[in-house]
Amino acid sequence: MSAVAHAHVEDHEHEHHHKETFMTKYIFSQDHKMIAKQYLITGLFMGIIGIAMSLLFRIQLAWPEQSFAIFEVLLGKWAPEGVMDPNVYLALVTIHGTIMVFFVLTAGLSGTFSNLLIPLQIGARDMASGLLNMISFWLFFLSSAIMVASLFVEAGPAAAGWTIYPPLSALPQAQPGSGMGMTLWLVSMAIFIASSLLGSLNYIVTVLNLRTKGMTMSRLPLTIWAFFVTAIIGVVSFPVLLSAALLLIMDRSFGTSFFLSDIFIQGEVLHYQGGSPVLYEHLFWFLGHPEVYIVLLPALGITSEIIATNARKPIFGYRAMVASILAIAFLSTIVWGHHMFISGMNPFLGSVFTFTTLLIAIPSAVKAFNYITTLWKGNLQFNPAMLFSIGLVSTFISGGLTGIILGDSTLDINVHDTYFVVAHFHLVMGISALYGLFAGVYHWFPKMFGRMMNKNLGYVHFWVTAVCAYGVFFPMHFIGMAGLPRRYYTNTAFPYFDDIADINVVISLFAFTAGAAQLVFLYNFIYSIFYGKKAEQNPWKSNTLEWTTPVEHMHGNWPGEIPHVHRWAYDYSKPGQEEDWVSQIVPLKEGEEELQH
Amino acid sequence: MTTILTLTVLVLIGISIWQISKMFELSQTDRNTTEVANDKDNNTQGKLMFAFLAFIYILTLYSFYAWGDVLLPEAASEHGSDYDNLMWISFALIFFVQTITQALLHYFAYKYRGEKGKKALFYADNDRLEAIWTIIPVITLAGLILYGLYTWTNIMSVEENEDALVVELYAQQFNWKARYAGQDGVLGDANVRFLQDFDGKNLVGIDATDPNGLDDVVVQELHLPVGREVIFKMRSQDVLHSAYMPHFRAQMNCVPGMITEFAFTPITTTEEMRQNPDMIAKVKKINKIRQENSKELVANGEEALEPYIFDYVLLCNKICGASHYNMQMKIVVETEEEYEQWMTQQQTFAQVIQ
């Protein structure tokens, strides 16, 4: 309650006149808008590293074991004579996965937009606790720094796959990356989880307590619903990953046997007795699967908002959208076992997890159909954000559908851990969530930086990315269906796979082009921060509260009173209104009915 | 050489940035632009959306045309045909839904591209529609789930029986071994603690005091008699591995400290699979590729690649370290007689440790 009182009593005028130093304004800021930008820029920086790594291993996959100068330059002793070492390949795959999933698509996406939009869209002066919010960011920054630092240790960074299954991750004898690199990975992730929990608690408290007058839960924009539920999933599941990480640290450094038993390695019988790697798998995936939705739900929330605004139409089925977010959140915590059908777990459990997993297709299908119906008879404004949102729906469908195969324990037997899985999750959560991130950046750039991004460069960025995303991941299904396992340094050890060599080349070429397209985005992003067109207050003619704040940022968000809310966020093209939008702060006209939603 | 290449790359990057910034300036010529989409943008982008739909369809068709032959051949195990049926049913469903939903999404994007002065339809909800597209997936998925679970239970219920052949698959960084139970049909007790006994000749750690283990046979190549159920018991001595036999639609993780199981009945011998028309075509294609690659090798003074002959393989499919990509074992499926004859040539554990 103290947080609530604090924010309400807080005298923003006083705040405004408070003298701010460079340090308190740009570095140790407690202002949610600044923290959002800090998250975004750190996330983008990590994204550059993550994507660059994928391009490096795509070179190796297309032209295996050949010498490349770029390897020599970038990898140094890890690429003797320009040929990538297998351990380095595994390290690249591992760190690419870790960075993209956690640092870019969790912190970079959810951290940025939850921070930016929760106070602005619910009508609050700031987060419930600005201090915790600041600490949350700096913990994230610290964990990013440690993860990047781990790239430079003597034996290389963690290389056991982003799931870091023990015993591979627990035993330095098993691979070089399981030494110092893995220790840093675990420390970095433990700090990351602390950061994520602080952030999530703050989001939950803020949404529950700091909504302005009239902003009932049923009037919340879908973005806020998505961020709110995402934060709850995070609070429920991240601690379990923390426990897995801590137990793994115990096994690695203090001789316990939580995950290890009966091991003979490098000519030596180890002392571990009675532990089980399967236990680790359970703990990991109890976070690992909800994590997919922690990544995806914010992207879907952003998409809902952007599609409605740019279609100039209410989002179709608001209640069903909220219900499916809740259903997905609930189901996401009881499906983790579908990553473990062939782990040695009791097959009966496999049946249960197949059942719960395929149920997730239902709320997902409802969401997809609702997006499509929202477009129907709209007046679509193709701003870059809208293109990325529609792109998201497309990849969400394409990638989601193959989930029906992977979620089915029977079918999983033969495609488990093949490139089919890689294709599936990259489309449904990787590309979709990245599109959500891009859509969010294009849409709220004017709110963040007071300037507009160039739309033509946005169009180029979208179309090249969209074509390449399918170009990369559609053919990849075929490699998986051919039976090629993922995380293989090369497939040349099996002449049986010689005929997929040309598919790998095609995929890599699309990947490089996609990578180049991201440079267009980066250029546009950085250039526009400084030289972009000055933004109007509400460039997209949107109904939500953030567009009622002044373009110039100020502490406390609104000069004077916080506006009251009189209607839901989706009164676009409402009959009887002059404009095709009505801000949430406009009172109902006499005789006007608020839609019963 | 390296320096020149690096410099070239840097120069190229420089040029591309310069080009992009020029593009940027050009796009800025219209000083009145607000960077918000206008009618012209909506028109172009809407049409591109429709073109993108064509792109998705063409990519799909082209992929099947160009790469349809890399997919796995007919299953070589008894349960494999059930697996394949379920797979094709699921795929038919997926392609149906994919084709329709992508068409609607992109067609609507094209059809309703914005125009100044036009007003969208205020259409916020329709309970009947919502109910329809909730119930249809429910029914479809219920069918899929039931069929899937029925097949799953059939595949995964391993019952010990007299006729079945019991084989242990033993995984270690970075190779596979197989252990047969011998005359008595019972695998002897084993543990990693025994691995160093007998100067390292005890390859899979059999307990020499267990009489059941003495007639066990440990080999590096997996031979299976056709038409007989094989019950695999998986073990690993160091990290997680996964025994993946794609042609038999079979896979199970190998977990240190526990024994996992998977059973199937091979129905196609290696020889028969080599005669399969799809396989003949595939091998021919592979050998053509290998010949091409050999030319380059020979030109560099290296040896040419050997022609490829089809064999079933067991692959490791759980990341296990540096040579994960090359952790494999050949599988030979043969007639009962050939199998028996091969078995008589193998040494038992008792013979090995003598």
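Five bridges connect strand 5 (residues 230–236) of chain B with strand 8 of chain B, and the two strands run antiparallel. Within it, B:Ile231 stands opposite B:Ala263, a residue of strand 8 of chain B. Strand 8 of chain B spans residues 260–264 and is mostly covered, with four of its five residues buried.

Strand 5 of chain B also pairs with strand 1 (residues 165–172) of chain B, here in the parallel sense and over seven bridges. One residue pair of this kind is B:Tyr170 with B:Arg235, the latter being the bridge partner in strand 5 of chain B. Strands of a sheet pair through backbone hydrogen bonds, either parallel or antiparallel. The pairings described so far belong to an open sheet of five strands in chain B, ordered 3-2-1-5-8, in which the pairing is mixed. Its edge strands are strand 3 (217–219) and strand 8 of chain B, each of which pairs on one side only. From one strand to the next, the twist averages 25 degrees.

B:Phe174 is located in the loop between strand 1 and strand 2 (175–180) of chain B. The peptide bond joining B:Gln173 and B:Phe174 is cis, with omega at about -5 degrees. A:Pro167 lies in the loop between helix 7 (130–149) and helix 8 (180–209) of chain A.

Two further backbone features of chain A concern the phi angle. A:Lys541 is not a glycine, yet it has a positive phi of about 50 degrees. This residue is placed in the segment after helix 19 (501–531) of chain A. A:Ser573, likewise not a glycine, has a positive phi of about 55 degrees, and A:Ser573 is also found in the segment after helix 19 of chain A. Their surroundings can be described by neighbour counts. A:Lys541 counts as partly exposed because it has 17 C-beta neighbours inside 10 Å. A:Ser573 has 23 C-beta neighbours inside 10 Å and therefore counts as buried; the cut-off for a buried residue is 20 or more.

The contact between the chains comes next. Chain B contributes 106 residues to it and chain A contributes 119 residues. On the side of chain B that touches chain A, the elements giving two or more residues include helix 1 (2–27), helix 2 (39–67), helix 3 (80–111), helix 4 (127–156) and helix 6 (277–299) of chain B. Strand 6 (241–245), strand 7 (250–254) and strand 9 (312–316) of chain B are also among these elements. Helix 4 of chain B supplies the largest share of this side, 14 residues. By residue class, the side of chain B that touches chain A divides into 61 nonpolar, 30 polar and 15 charged residues.

Finally, the confidence scores of the prediction should accompany any reading of these details. The model scores ipTM 0.92 and pTM 0.93. Chain B averages a pLDDT of 91, and 92% of its residues score at least 70. Where pLDDT is low, the predicted coordinates should not be read in detail.

Note on methods
Residues are numbered from 1 along each chain as its sequence is written. Chains are lettered from A and ligands numbered from 1 in the order in which they are written. This is a predicted model: local features need pLDDT of at least 70, side-chain atom pairs count only at pLDDT 80 or more; totals for chains, interfaces and linings use all residues. pLDDT is the predictor's confidence in each residue, from 0 to 100. A residue is buried if 20 or more other C-beta atoms lie within 10 Å of its own, exposed if 12 or fewer, and partly exposed in between; C-beta atoms are placed from the backbone. Two strands pair if DSSP finds at least two bridges between them. Axes are lines fitted to C-alpha atoms, for helices over the stretch in contact, and angles run from 0 to 180 degrees between N-to-C directions. Two residues are in contact if their C-beta atoms, placed from the backbone, lie within 7 Å. Ala, Val, Leu, Ile, Met, Phe, Trp, Tyr, Cys and Pro count as nonpolar, Asp, Glu, Lys and Arg as charged, and the others, Gly among them, as polar.
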